[in-house]
Amino acid sequence: MIEYEEERLLSLLWHVEGSCLFRAALFALPAAIVAPILVTSTDWSSSIHEEGGLARIKGSHLWSGMTVVLSLLLTFRTKQALARFW
């Protein structure tokens, strides 16, 4: 078992080298900026959603799309893991 020193424990939480925080932020921040803009755009003009085709998207379409994306990601990661194992 690895024994950690107490004063070093907090520095491990904020360790930048090898962290995926910044790489994840590259994907998360643009989505976090665009989402409120799309939500509030219905207040400004509903024609934006109709012209862009966003008005036709239903909840079931979103679930189906997310399921496909997550399935592909899970398949890819499993394939990579099995390739490393064998």
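Student: How much accessible surface does the protein have, and what share of that surface belongs to carbon and sulfur atoms?
Tutor: This is a predicted model, and its accessible surface comes to about 8,500 Å². Of the 86 residues, 3% count as buried. The share of the accessible surface that belongs to carbon and sulfur atoms is 69%.

Student: Which residues make the nonpolar surface patch of about 480 Å²?
Tutor: One of the residues in this patch is Ile-37, which lies in helix H2. Taken together, the patch of about 480 Å² is made by Leu-29, Ile-33, Ile-37 and Trp-44.

Student: Is Ile-37 buried, partly exposed or exposed?
Tutor: A residue counts as buried under 20% relative accessible area and as exposed over 50%, with partly exposed in between. Because its relative accessibility is 44%, Ile-37 counts as partly exposed.

Student: Which element of the protein has the lowest mean pLDDT?
Tutor: The mean pLDDT of the protein is 79, and 78% of its residues reach 70 or more. Where pLDDT is low, the predicted coordinates should not be read in detail. Among the elements, helix H4 (residues 59–85) has the highest mean pLDDT, 89, whereas the lowest, 63, belongs to helix H1 (residues 6–13).

Notes
Residues numbered from 1 in each chain as written. Predicted model: local features only at pLDDT ≥ 70, side-chain atom pairs only at ≥ 80, totals over all residues. Heavy atoms only, no water. Buried < 20%, exposed > 50% of the residue type's maximum accessible area, 1.4 Å probe, protein only. Areas by Shrake-Rupley, 256 points an atom, 1.4 Å probe, with all protein chains shown as cover. Patch = residues over 30% accessible without salt bridge, like charges linked within 9 Å, V, L, I, M, F, W, Y side chains within 5 Å. Salt bridge = Lys/Arg side-chain N within 4 Å of Asp/Glu carboxyl O. Helix = DSSP H or I, 4+ residues; strand = E, 2+ residues; numbered from the N terminus. pLDDT = per-residue confidence, 0-100.
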